[in-house]
Amino acid sequence: MKYLSVTAIILFFIFLGWGCSNSVNRNAVNQRSDLRLLKIQPDQLLSLRTSDFLDSVKFIPLETTPESEFAEISQIEIIDSLYLILDRMSNQILFFKKDGKFVRRISPKNRDIPVPYHSIAKFSLDPNRKILSFLDQQKPNVYEFDFFGNFLKMRDKKPIDYNIREFYHLGKYTINYFSYESRNSNTNSSPTIVVNEGEKEIDSYLFFDPSTIYYNDMYDARKYFFRSKENLLFSRPGDYTVYEFDKKGKINRYVDICLPEKFKLPEDFLTNKQYSNKRRKYLDSSRSKVYLITDFYKAGDMLSCRLIGSRYKSTFLYSLRSEVAIDFRNYLSDSSTFFLPIANNTVLGVDCDSYISSVSASQIIQAITRNIKIQGYLSSLPDHLNTLYKKGNNQNPILTLIKPKSIIVYDDKK
């Protein structure tokens with residue numbers, strides 16, 4: 001497939017009754033010469049043994065102390081040898097070494113914060129300035145910290161801060177995503193992406209008509225930017241294209257996802273006024289229609305992807321070399337992964353060539369308990385998993401680093 005022209009592939013899928021990316025305005029969006037068109041059948045994903053598609057899995061228990069205890073991993077980012085984890089339930093950002101050792105935390109109770117914040121939805125890292133920042137969701141404040149978690153300053157939100165859905169620092173550029181919210185009510189064309197260099201706006205992309213669609217018309221996403229080892233990817237609701245930003249902040253089409261009709265939104269879903277103020281209602285009644293492609297990361301020769309509808313979720317890994325889609329919610333953990341669960345059905349990020357996911361301590365302990373009857377099982381476990389087993393359920397989530405194989409070879413008769 002990858003040796004055919006994109007036009008030929010699209011015509012081929014149209015003939016078969018498949019739909020590809022939705023009709024959206026792509027002003028100034030370039031197309032990669034190696035743009036891939038992925039034909040995905042969400043109800044026919046491969047269910048494989050972990051040894052069929054994984055090179056290795058590393059389990060990292062995160063140290064549990066009264067100060068480091070948290071409930072969930074809402075966001076994870078990497079700074080040098082540290083994992084930074086946002087737990088929205090406890091409203092904290094926790095710093096852990098890559099071996100799981102707790103280092104410090106940012107909490108509303110920190111004494112160096114003059115005015116405690118109330119709610120964090122997500123945080124951003126600026127590697128150039130070495131600043132961690134976030135907006136308080138309930139107050140008009142923006143907080144900045146250094147990469148050691150020390151408080152630097154608090155400032156008032158600017159008008160634009162209320163419109164930006166998410167921003168990402170890429171070198172000297174800041175990429176702002178506005179969703180379908182127009183910054184100017186007197187225009188019929190507004191960008192969803194604006195790229196800044198300092199305070200100067202240098203590029204804008206993916207325009208929409210504010211009279212046709214607005215931000216409350218579509219469901220939100222947990223995250224829009226996905227950083228891998230070699231690229232920064234971006235997706236947005238209602239669009240079956242995944243985009244890539246180059247080092248100069250220029251946007252390119254990276255992958256087009258093709259779905260069968262029963263999973264696909266109407267071609268004019270984002271542009272036809274007949275759907276104005278009715279899009280959420282349509283999605284609620286069309287339970288299997290995929291409105292969001294998210295958690296899109298590249299690790300080695302593998303892509304991760306999560307498809308979301310109002311009552312539908314599916315996570316898969318796609319091998320670029322073997323051209324197969326593997327069900328990441330329905331796999332069989334075998335001896336290569338100690339018969340243990342390896343993921344919570346989602347990919348949280350990428351560390352080098354490994355996917356980052358997590359499982360709860362209770363899931364690991366339950367699996368170990370079931371497998372004790374296997375002769376020599378406990379002695380085959382690494383020391384840190386035996387220690388985790390002995391400590392019981394009341395522990396922090398377990399990070400997993402999942403390294404996929406380059407080529408997938410499997411026996412479909414298993």
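In which loop is the place of K264?

Tutor: K264 has its place in the loop between strand 19 and helix 3. The model is predicted, so local features need pLDDT of at least 70 and side-chain atom pairs count only at pLDDT 80 or more, while totals for chains, interfaces and linings use all residues. Residues are numbered from 1 along each chain as its sequence is written, and side-chain values use heavy atoms, with hydrogens and water left out. The named elements are DSSP runs numbered from the N terminus: helices (H or I) have at least four residues and strands (E) at least two.

K264 is buried, since its relative accessible area is 5%. In this scheme, buried means under 20% relative accessible area, exposed means over 50%, and partly exposed lies in between (1.4 Å probe, protein chains only). The C-alpha atoms of K264 and T387 are 47 Å apart in space, and the two residues are separated by 123 residues in sequence.

F263 lies between strand 19 (251-260) and helix 3 (279-285). A pair of aromatic rings is described by the distance of the centres and the angle of the planes. Rings of Phe, Tyr and Trp (its six-membered ring) pair if their centres lie within 6.5 Å; planes under 30 degrees apart count as stacked, over 60 as edge-to-face and the rest as tilted. A search of the whole structure gives 23 aromatic pairs. One of them joins F234 and Y243, whose ring centres are 6.3 Å apart and whose planes meet at 45°, so this pair is tilted. F234 counts as buried because its relative accessibility is 0%, and Y243 is likewise buried, with a relative accessible area of 0%. The pair of F263 and Y312 is also tilted, at 5.4 Å centre to centre and 50° between the planes. Y312 belongs to strand 22 (residues 312-319) and F263 to the loop, so this pair ties together parts that are 49 residues apart in sequence. Both F263 and Y312 are buried. Elsewhere, ring pairs link Y168, Y177, Y224, F225, F234, Y243 and F245 into a cluster.

Two further strands deserve attention. Strand 20 (residues 292-299) has eight of its eight residues buried, so it is largely enclosed by the rest of the structure. Strand 20 runs antiparallel to strand 21 (residues 302-309), and six bridges join them; two strands pair if DSSP finds at least two bridges between them. Within this pairing, L292 stands opposite I308 of strand 21. The two strands form a hairpin with two residues between them, and G300 in its turn has a positive phi of about 65°.

Another hairpin is built from strand 6 and strand 7, with four residues between them; G100 in the turn has a positive phi of about 95°. Strand 6 (residues 92-97) and strand 7 run antiparallel and are joined by four bridges. The bridge partner of L94 in strand 7 is R105. These strands belong to an open sheet of four strands, in the order 4-5-6-7, with antiparallel pairing. Strand 4 (75-79) and strand 7 (102-106) stand at its edges with a single partner strand each, so one side of each is left without a neighbour in the sheet. At one end of the order, strand 4 and strand 5 (residues 82-87) run antiparallel and are joined by five bridges, and Q75 has L86 of strand 5 as its bridge partner. In a regular strand the side chains alternate between the two faces of the sheet.

The loop between strand 4 and strand 5 holds D80. Phi of D80 is near 50°, a positive value in a residue other than glycine. D80 is exposed because its relative accessible area is 70%. E323 also has a positive phi, about 55°, although it is not a glycine. Its place is in the loop between strand 22, the strand of Y312, and strand 23 (324-327). With a relative accessible area of 30%, E323 is partly exposed.
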